[in-house]
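Please look over the structure below before reading the notes on its helix packing and its pocket.

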Amino acid sequence: MIPLKDDNPTKTFPIITILIIAVNIFVYVYMLTLDDASARNLVNLYGATPYELMHGLGLKNGVSLLIVFTIITSMFLHGGLFHLLSNMLYLWVFGNNIEDSMGHLRFIFFYAICGSVAVFAHALINQGSTLPMIGASGAISGILGGYLILFPRARILTLLPLGFFIQVVKIPALYFLGFWIVFQIINSTLSIG
């Protein structure tokens with residue numbers, strides 16, 4: 001299921017949502033200009049490493065960075081085009097309503113807190129991992145949770161692939177996001193196993 005838009009109008013211009021999307025795209029395009037070694041170094045430097053977060057050690061190739069800094073910077077790095085586009089699509093469709101309901105400044109904090117909680121939750125499960133975490137998926141998940149609570153009856157215009165056919169349907173947010181949550185739980189369970 002691919003969300004295209006919702007039928008939930010906003011009163012304010014979603015400047016923060018657009019800025020977050022723009023920064024993510026800019027960082028991704030910048031990463032594309034780097035050679036493989038430089039891109040890996042960027043991810044190692046600005047990704048959030050579970051072992052470092054849980055043990056407070058500087059594993060960043062001898063470079064001392066504030067651990068808190070990588071919690072935020074990791075949210076602006078993505079491992080591939082699909083990773084980036086799917087996160088930004090969901091932020092675009094659902095983020096504007098959350099920003100509208102919270103206000104711009106509170107939305108920034110909500111986004112950062114959701115992403116930070118997700119980073120720590122992942123680090124807690126993978127305490128020994130020295131692989132850096134990257135992506136905005138945790139922050140986006142928080143946005144989707146907020147949308148589900150605030151707008152469960154909104155309808156989501158959804159691209160629904162059915163084998164060789166593609167159908168465009170309107171699905172209530174409660175069902176769309178409920179399915180998304182179940183899919184995430186199944187996917188996470190399979191990846192842990």
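Predicted model: local features only at pLDDT ≥ 70, side-chain atom pairs only at ≥ 80, totals over all residues.

1. Residues are numbered from 1 along each chain as its sequence is written, and side-chain values use heavy atoms, with hydrogens and water left out.

2. Helix 1 (residues 15-32) and helix 5 have axes that come within 8 Å and cross at roughly 170°. Helices (H or I, at least four residues) and strands (E, at least two) are DSSP runs numbered from the N terminus; axes are lines fitted to C-alpha atoms, for helices over the stretch in contact, with angles from 0 to 180 degrees between N-to-C directions. Helix 1 and helix 5 are therefore roughly antiparallel (angles over 145 degrees; under 35 is roughly parallel, 65 to 115 roughly perpendicular, the rest oblique).

3. The contact (heavy atoms within 4.5 Å) of this pair includes Ile 15, Asn 24 and Tyr 28 of helix 1, and Leu 81, Trp 92 and Glu 99 of helix 5. By class, the contact of helix 1 with helix 5 has 12 nonpolar, 4 polar and 1 charged residues. Here Ala, Val, Leu, Ile, Met, Phe, Trp, Tyr, Cys and Pro count as nonpolar, Asp, Glu, Lys and Arg as charged, and the others, Gly among them, as polar.

4. Helix 5 also meets helix 6: their axes come within 7 Å and cross at roughly 125°. That makes helix 5 oblique to helix 6. In this contact, Leu 91, Gly 95, Ile 98, Glu 99 and Met 102 of helix 5 face His 104, Arg 106, Phe 107, Phe 110 and Tyr 111 of helix 6. The classes are 6 nonpolar, 2 polar and 2 charged.

5. Helix 6 (residues 104-125) packs in turn with helix 7 (residues 137-150), at an angle of about 120° and with the axes 7 Å apart. Helix 6 is therefore oblique to helix 7. Among the residues in contact are Phe 107, Cys 114 and Ala 118 of helix 6, and Gly 138, Ile 140 and Ile 143 of helix 7. This contact has 8 nonpolar, 3 polar and no charged residues.

6. What is the volume of the largest pocket? The volume is about 1500 Å³. Of the 41 residues lining this pocket, Ser 137, Ser 141, Trp 180, Gln 184 and Asn 187 are the closest to its centre. (A pocket is an open set of points on a 1 Å grid over the protein atoms alone, where a 1.4 Å probe fits, with protein on both sides within 12 Å along at least five of seven lines; lining residues have an atom within 4 Å of a point.)

7. Helix 8 gives the most to the lining of the largest pocket, with 11 residues. The lining divides into 26 nonpolar, 15 polar and no charged residues.

Key: Points joined across faces, edges and corners; volume = space filled by probe spheres on them.
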